[in-house]
Amino acid sequence: MKKENTTLKNALYVLLGALLMGLLWRVRGEHGWGSSWGLLNAGFVFTMFLVVIKGSRQKLDIGWLSLTALSFMLTTPGWGTLLSQITGIIYDAEDWSIGGSDVYTSIGSAVFLMLCLGFGLASVFGIMLGRGFSEKQWKVKDFVILIAVFYITDLIATAVISPFILNAVQPEAAEVFEKGLEIQGIEGSAYSVYMEHFKDVSWAKKIDGGRNYFQSCDVITATIKAIASLLTVRFIIKDKVSAKTGAVVCSAFAIGITLADLFFYFGNGGYHQLHESYLPEFFYPWGCWEYFTGFIAGGIITAFILKLKPQKDVPELAFSKVKEKPKAILTFILGSLFMIGVNIVRPVLVRFEDSDYMIIATIAAVLYAIVMVIAITKGYGFNASKIHIEKYYAFLLLFFVTYIDIVYLLVGTPDCTHLFRNSGFQHFMAILSAAVIMVWIVFNGKKLLQSKGE
């Protein structure tokens, strides 16, 4: 672990962590980084940053870091219908095919759902991140227990708990869904139809109120899963650091995603949307909500990791009996070929999707990924156990922040690129974030970037 930093340096790191996650969360909503793949990218790049500022960890070598990033993909929620509810309107008559008048709800219920959305957003990732900084050595059975509890709780909460909590907190969600069912000629209560089409949000989108009801239940379920998983890690696996880190990560996203939702409140005209937007046109609510969700969460998580008491740097027990050569090959496949390759190729592939240049762009991205993997392997070595983690991650961090910003600004069809468009405050912050982080890495990580060995 590194020596203790000064207060000023820690403050700088917190700002950098906020800027970095702000950037990653803003592009997470863009072509190429959407849905769970955007979470993978955010988890991969942000965890590297935390290792660079906190110090090398055997439990966060490229293989384990890749698994940590992959765990973020397990908790991808839907939120499309929830964001504007902070104004006290669950459905706007103009956007509701049933018509009639607006459907109101309490702001308290909207805040509750946003807190649930954030708290369940990164639960397994938060636990896995804490595992990397903990001295508790996990066995294979510990991972099995965690995943089993996560999915078993998912089924129980979805079927038995979440719909009833939603009905108590926001009964309007069920009422609107039932009106939609009635118009479609479908008999049954909101709950009975929900159980009949268990977790099938694609079906629910065809019914007025269906998507909102399903997604509201899902975010409540996500919070219940998060709590169950955290309790399991604390009292069954008995890893205090992982449980505490997981709880902080969950809370950070709950705070960030809810506070940033104020952009929708002011952008949509305040209470019951009675006014024109209070925000200048430059502040686009959705994009600002994305950026500042990441900014707030990233700052909180970075501050916590910096304050975390040093733990013994120990290897993980899980898979420790696998021989070194096959382990090195598997780590290379996961950490280099897959993780680096996917995060290079997929943004380009999606940003040229359905265009005449898709095949050419994809081939170019694949070739570029191959060249980068070869160059990185040549420079830093093949065997992850012999790589200087901080130096390796400092280079990858600089590369990916630069790559993400270039792709975000310049690559893709005209509707995807942002350099020559007045795209709003969120885009300005994304560019600023990338620039500040790149400057910091180049000037403060100079020794790390130049050195290839111990």
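How are α6 and α7 oriented to each other? They are roughly perpendicular (65 to 115 degrees counts as that). This is a predicted model, where local features need pLDDT of at least 70, side-chain atom pairs count only at pLDDT 80 or more, and totals for chains, interfaces and linings use all residues. Residues are numbered from 1 along each chain as its sequence is written, and side-chain values use heavy atoms, with hydrogens and water left out.

**Where α6 meets α7**
- The axes of helix α6 (residues 140-169) and helix α7 (residues 171-183) come within 5 Å and cross at roughly 105°.
- On the α6 side you'll find L166, N167, A168 and V169, which meet P171, A173 and A174 of α7; contact means heavy atoms within 4.5 Å.

**Around S66**
- S66 sits in helix α3 (residues 62-71).
- With a relative accessible area of 0%, S66 is buried (under 20% relative accessible area, with a 1.4 Å probe and protein chains only).
- Leaving aside neighbours within four places in sequence, S66 touches F44, L334, G335 and M339.

**Salt bridges**
- The structure has 7 salt bridges, each a side-chain nitrogen of Lys or Arg within 4 Å of a carboxyl oxygen of Asp or Glu.
- E316 and R131 pair up at 2.6 Å, N to O, and they are 185 residues apart.
- D154 has a salt bridge with K199 (3.2 Å, N to O) and another with K225 (3.4 Å, N to O).
- Both K225 and D154 are buried.
- R26, E30, E290 and R351 are linked in a network of salt bridges.

Conventions:
Helices (H or I, at least four residues) and strands (E, at least two) are DSSP runs, numbered from the N terminus. Buried means under 20% relative accessible area, exposed over 50%, partly exposed in between (1.4 Å probe, protein chains only). Axes are lines fitted to C-alpha atoms, for helices over the stretch in contact, and angles run from 0 to 180 degrees between N-to-C directions. Angles under 35 degrees count as roughly parallel, over 145 as roughly antiparallel, 65 to 115 as roughly perpendicular and the rest as oblique.
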